[in-house]
Amino acid sequence: MSKNEKLECLKKLQVVLQKKFVLEDRIESIPADLKAEEANLAASVKKYQELKDLYENLVSEQKSLAIRYDDAFNQRIEYEKQMEFINTQREFEALTKQLDEARISEQSLLKQRNSKAGELEKVKAELDAQEADVNAKQAKVDEEKGKVDAELESIRGEISVLDEQCLALKGDLISDDLYSKFSNIVKKKDGYGIVPVYGQVCTGCDLILPMQFVIDLELKNEAGEIEYCPYCSRIIYKEHLEEDAERSYIFEQLEPTKSEGKGPSSEDSQTAGAEGDSYDESMGMGEDFEEF
């Protein structure tokens, strides 16, 4: 039996593509931890800004209270000076009332000013602590980003090497169209785009293939042609096991699937065929996907 060079090449390509797609998945997952750190930093920055706004408002309120207190203090002093120049009882009573009100206002504003100063000091301490927290988290994010960038650069370098290996393997034997479609199959089918058929069973989807289809498959393999599983859309090839092993495989695989309704009944074939069509479309295959 002649050796199908395309199939052998696709098997080698599959190994390299599996490694490539694992690395690409790694690229997608690596920034996840960094994003969590950045979200944590953003929350800390938001809290810092809220505290800063509160602190600035308290500073403004304290200044206003200080001015009002100074005015009340000066007003009391003025009333006390006027007491020296009072001539009548009526003036004395009126001025005494004004002086009492000034003293009450002064004491009230003094308490408010002192209370605001205590509140301001507390918020300032929280603000300083939050600023330190932001700086620590920013440093951690910067450090993590540096590690991520370095790791991503390293992985991209490995992917570049694998891409070169793929191009070297495909050469002129595998067309760009077939290579693109095969890559999509490998990616969408958990790393397996080409699988053997044992007996009548596609090892990619464990569905039973019609006997005539398997006979034709073997003839196509010998002729150097490519065939796809009509159910899972993977590239398939007939592979013979030792007689006892194949008989055991057929017994273990075919009998249970028949009892479970996975055999090539007309209803199952229609369902599987429809499923296969959906795979073909998702992987960029048209009606002429077999012609390479």
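Predicted model: local features only at pLDDT ≥ 70, side-chain atom pairs only at ≥ 80, totals over all residues.
Student: How many helices and strands are there in the protein?

Tutor: The protein has seven helices and four strands. Their pattern along the sequence is α-α-α-α-β-β-α-β-β-α-α. Residues are numbered from 1 along each chain as its sequence is written, and side-chain values use heavy atoms, with hydrogens and water left out.

Student: What makes glutamine 200 count as buried?

Tutor: Its relative accessibility is 18%. Buried means under 20% relative accessible area, exposed means over 50%, and partly exposed lies in between, with a 1.4 Å probe and protein chains only. Glutamine 200 therefore counts as buried. The residue sits in the loop between β1 (194-198) and β2 (201-202). Leaving aside residues up to four places away in sequence, glutamine 200 touches Leu207, Ile208, Leu209, Pro210, Met211 and Val214, where a contact means heavy atoms within 4.5 Å.

Student: Why is glutamate 126 called partly exposed, and why is leucine 167 called exposed?

Tutor: Glutamate 126 has 35% relative accessibility, so it counts as partly exposed. Leucine 167 has a relative accessible area of 55%, so it is exposed. Glutamate 126 is part of helix α3, and leucine 167 is found in helix α3 as well. For leucine 167 and leucine 13, the C-alpha separation is 9.2 Å and the sequence separation is 154 residues.

Student: What share of the protein is buried, and how is β1 covered?

Tutor: Of the 292 residues, 33% are buried. In β1, five of the five residues are buried, and this strand is mostly covered.

Student: How do you know which strands stand at the edges of the sheet?

Tutor: Two strands pair if DSSP finds at least two bridges between them. The four strands form an open sheet in the order β2-β1-β4-β3, with mixed pairing. β2 and β3 (227-228) each have a single partner strand, so one side of each lacks a neighbour in the sheet and they are the edges.

Student: What makes β1 a partner of β4, and what makes β1 a partner of β2?

Tutor: β1 and β4 are joined by four bridges and run parallel. Isoleucine 194 stands opposite isoleucine 235 in β4, and proline 196 has tyrosine 237 in β4 as its bridge partner. β1 and β2 are joined by two bridges and run antiparallel, with tyrosine 198 opposite valine 201 in β2. Their hairpin has two residues between the strands, and glycine 199 takes a positive phi near 65° there.

Student: Which helices pack on the sheet?

Tutor: α1 touches β1 and β4, and its direction makes about 125° with that of β4. Helix α5 (residues 211-222) touches β1, β3 and β4, at about 90° to the direction of β4. These angles run from 0 to 180 degrees between N-to-C directions, with axes fitted to C-alpha atoms, for helices over the stretch in contact.

Student: What makes up the largest nonpolar core?

Tutor: A nonpolar core is a set of buried Ala, Val, Leu, Ile, Met, Phe, Trp, Tyr and Cys residues joined through side-chain atoms within 4.5 Å. The largest one has 34 residues, and those with the most contacts inside it are Leu10, Leu13, Leu17, Ile174, Phe182, Ile194 and Ile235. Two or more residues each come from α1 (5-29), α2 (31-82), α3 (89-170), α4 (176-188) and β4 (235-238). Apart from this core lies another, of twelve residues, including Leu207, Leu217, Cys229 and Tyr231.

Student: How do you know that arginine 113 lies over the face of tyrosine 69?

Tutor: A charge sits over a ring if NZ of Lys or CZ of Arg is within 6 Å of the ring centre and within 35 degrees of the ring normal. Arginine 113 lies over the face of tyrosine 69 at 4.6 Å from the ring centre. Lysine 170 lies over the face of tyrosine 179 at 5.8 Å from the ring centre.
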